[in-house]
Amino acid sequence: IDADSSTILFKDEKGGYYLKFGGSNSLNDYMPDFSDLVKNSDFLNLDDLLYEMSNIYNKSQVVLPPSVGDGDYEIPAGILPEKSIDTQEYEVDIKFEMPDHVKSIKDVKLSPDAKVKCSLSIDDPIISKGSIIPAIDVDLSDFLIVEGSDEPIHLSELVLSEKNGYSASHTYAITGLNIAPSDFEKVEQGIKKNVTISGKVSVSNCVTNKATLEASENMKLTLVVSYIDIDVKRIEGIFDYDVQDITKYVTLDSIPDFFRKEGVCFDLTNPSLNINMTSNLGIPMYGNMNIEPYKVGADISFAVVDKSFELPYSTDSGKSATTSFSIEGDEMGNLIKFIPDRLDLRVSAQIDETKTSIIDLDAEYSMDMEYEIILPLSFGEDFIISLSDTIDVTDVNLNQLLENGGVKLFAEVNNAMPLQFDMTLELLDFSGQAVDVDPVVCKIAPGGKDGTAQASNVEMFMVVNENSSIPQVG
């Protein structure tokens with residue numbers, strides 16, 4: 001490995017080398033399907049409320065002096081006194097079918113566009129000019145929070161006059177539902193809530209005339225309370241989605257090929273697999289990750305690792321949470337000891353029904369997994385690496401040497417790797433088959449920790465085993 005140009009070889013602060021590589025996978029295909037919630041986002045269907053009161057004021061209360069004739073007449077104060085309107089209570093039945101996969105609801109958040117509109121009008125005003133001032137309360141606090149308050153809506157701002165045709169309206173923001181979690185338990189049967197309309201009406205600077213009175217009978221007040229965009233944005237509760245098992249493969253192609261030779265034992269000191277799972281999902285889940293090494297033609301299933309963990313859980317779909325955990329030490333060492341082709345990661349998860357799930361119906365949810373493998377080039381006692389080379393000796397008459405007693409090899413081996421090697425000499429015939437000789441093994445000294453080479457002088461003597469024929473050696 002060229003330490004200067006490698007993208008996977010790094011040096012730590014103590015001067016030791018390590019391999020580091022990783023990758024990422026999207027887990028979006030394994031996310032629960034929330035379409036059943038989205039299609040029910042408008043389940044709070046509230047009917048408009050209509051309040052009507054006739055004979056607020058009657059034209060018989062106004063007597064025109066003969067001297068007025070067809071002209072305007074300013075009605076004296078006290079002729080049309082302040083008047084209480086009839087208090088009326090409406091029952092609101094909030095009822096809907098529980099969405100699929102929702103076992104119970106603890107809270108519901110409405111769309112920020114949710115509003116209530118109050119429209120006030122006067123028919124047969126009996127006056128041609130002047131103001132009608134409503135001191136009317138619309139109390140929706142039994143189930144709605146309006147403009148951040150659970151106080152009634154005061155309609156005193158809806159002053160009616162000839163300038164607005166004795167008709168005015170105002171829209172108020174609904175900032176929440178005022179429904180207790182215990183009420184949601186009865187939602188399929190219906191939650192009974194009340195709306196109360198009460199108050200008074202007064203007039204100011206009123207003018208009338210003969211034509212207006214003749215065309216009028218009595219003053220009628222109409223109030224319409226309508227609900228706009230009452231869509232659900234968030235549901236908090238207990239869900240029971242089935243979570244699909246996740247299967248991902250971590251390839252180990254980045255490990256150099258010379259570590260993959262037959263007979264290698266990749267015994268490292270404290271290797272690690274670090275996993276980060278990131279998601280903005282608001283469903284608390286606990287899971288188990290099963291990690292199994294796979295190698296073509298080898299049974300290394302004994303090294304399977306199981307890891308329990310909590311999946312990331314975010315209470316705000318606009319922000320992601322991350323769960324991190326590691327496989328280290330002997331567990332990770334066993335996974336990579338025989339250099340598998342890949343690691344098979346299988347995650348099974350379940351929803352934690354002891355915790356509240358939070359789903360924003362207009363959110364785009366995602367889940368990703370990142371992994372990083374760190375392999376310190378610090379070797380354990382079982383570490384074995386195999387390097388081989390073949391020397392062409394066809395110009396040497398080895399057959400005659402063997403017939404005369406044996407072959408002695410002299411060599412100098414310069415080793416810059418900080419590893420001690422056992423060097424084994426084999427003789428091959430022309431077909432590439434090993435000659436039946438006693439194996440000869442010698443020690444090769446390790447190189448220096450700073451990368452300097454250490455020379456080892458080698459003398460190896462080989463003889464043909466008794467009763468073995470001497471083939472043609474090349």
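Two strands are said to pair if DSSP finds at least two bridges between them. With that in mind, and remembering that this is a predicted model, begin by selecting strand 16, which covers residues 232-239. Seven of its eight residues are buried, so the strand is largely enclosed by the rest of the structure.

To find one of the contacts between them, select Ile105, whose bridge partner in strand 16 is Gly237.

Now turn to the aromatic rings, of which the structure holds three pairs. Select Phe10 and Tyr18 for one of them: the ring centres are 5.8 Å apart and the planes meet at 25°, so this pair counts as stacked. Phe10 is partly exposed, with a relative accessible area of 29%, whereas Tyr18, at 19%, is buried. Move on to Phe239 and Tyr241, an edge-to-face pair with 6.0 Å from centre to centre and 75° between the planes; both of these residues are buried.

Finally, select Arg342 together with Tyr249 and Tyr294. Over the face of which residue does Arg342 lie at 4.6 Å from the ring centre? That residue is Tyr249, and Arg342 also lies over the face of Tyr294, at 4.2 Å from the ring centre.

Technical notes. Residues numbered from 1 in each chain as written. Predicted model: local features only at pLDDT ≥ 70, side-chain atom pairs only at ≥ 80, totals over all residues. Heavy atoms only, no water. Phe/Tyr/Trp six-rings, centres within 6.5 Å; stacked < 30°, edge-to-face > 60°. Buried < 20%, exposed > 50% of the residue type's maximum accessible area, 1.4 Å probe, protein only. Lys NZ or Arg CZ within 6 Å of the ring centre and 35° of its normal. Helix = DSSP H or I, 4+ residues; strand = E, 2+ residues; numbered from the N terminus.
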